[in-house]
Amino acid sequence: QQETKEEIMNPSNLVEMNLLNESSDIENSLNVELKQEKGHKEMLTEIDNKIEMVRDTQGGKMWKCTECGKMLKKKSKLGIHVETHLEGFSHACTHCDKVLKTRGALCAHMSVNHRG
């Protein structure tokens, strides 16, 4: 499924794209922090439960969000999207008292506010 220009320019999609383009240093430190976070495995399980594999019209593999129907070719990118649907999980910044809903939002927050 091709995304339209409006979908690409949607602020939530821009955050997803920015997350995918963040530096590996921030991503690596974020991954370490998340692995220590209580409930991280439960969150990953919930993400997996909201993703299903489907076939496109040519028989190619696609991944579909069971909450809203969004489809992407890469499961990892869809996992970033699916996290926006989850309730009951939060991600605290280790540098300030900010608490964010998604890992992408935390990564973007750290990139903008705690570089260096």
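Which residues make up the largest nonpolar core? The views below start with that core. The model is predicted, so local features need pLDDT of at least 70, side-chain atom pairs count only at pLDDT 80 or more, and totals for chains, interfaces and linings use all residues. Residues are numbered from 1 along each chain as its sequence is written, and side-chain values use heavy atoms, with hydrogens and water left out.

**View 1. The largest nonpolar core has 10 residues.** Its members are Met43, Ile47, Ile51, Trp63, Cys65, Leu72, Leu78, Val82, Leu86 and Phe89. A nonpolar core is a set of buried Ala, Val, Leu, Ile, Met, Phe, Trp, Tyr and Cys residues joined through side-chain atoms within 4.5 Å. Buried means under 20% relative accessible area, exposed over 50%, and partly exposed in between (1.4 Å probe, protein chains only). At least two residues of this core come from each of α4, β2 and α5. Helices (H or I, at least four residues) and strands (E, at least two) are DSSP runs, numbered from the N terminus.

**View 2. Trp63 lies under the charged end of Lys75.** The charged end of Lys75 is 5.0 Å from the centre of the Trp63 ring. A charge sits over a ring if NZ of Lys or CZ of Arg is within 6 Å of the ring centre and within 35 degrees of the ring normal. Leaving aside residues up to four places away in sequence, Trp63 touches several others, including Ile51, Met53, Leu72 and Leu78. Touching here is contact, meaning heavy atoms within 4.5 Å.

**View 3. Lys50 and Glu67 form a salt bridge.** The N to O distance is 3.0 Å. A salt bridge is a side-chain nitrogen of Lys or Arg within 4 Å of a carboxyl oxygen of Asp or Glu. Lys50 is in the loop between α4 (40–49) and β1 (51–55), and Glu67 is in the loop between β2 (61–65) and β3 (71–72), 17 residues apart. Lys50 counts as buried at 18% relative accessibility, whereas Glu67 is partly exposed at 46%.

**View 4. Glu83 and Arg103 form a salt bridge.** Their closest N and O atoms are 2.7 Å apart. Glu83 is in the loop between α5 (75–82) and β4 (91–92), and Arg103 is in helix α6 (residues 103–113), 20 residues apart. Both residues are buried.

**View 5. Glu87 and Lys101 form a salt bridge.** The closest N and O atoms are 3.4 Å apart. Glu87 lies in the loop between α5 and β4 and Lys101 in the loop between β5 (99–100) and α6, so the pair ties together parts 14 residues apart in sequence. Glu87 is exposed, at 61% relative accessible area, and Lys101 is partly exposed, at 37%.
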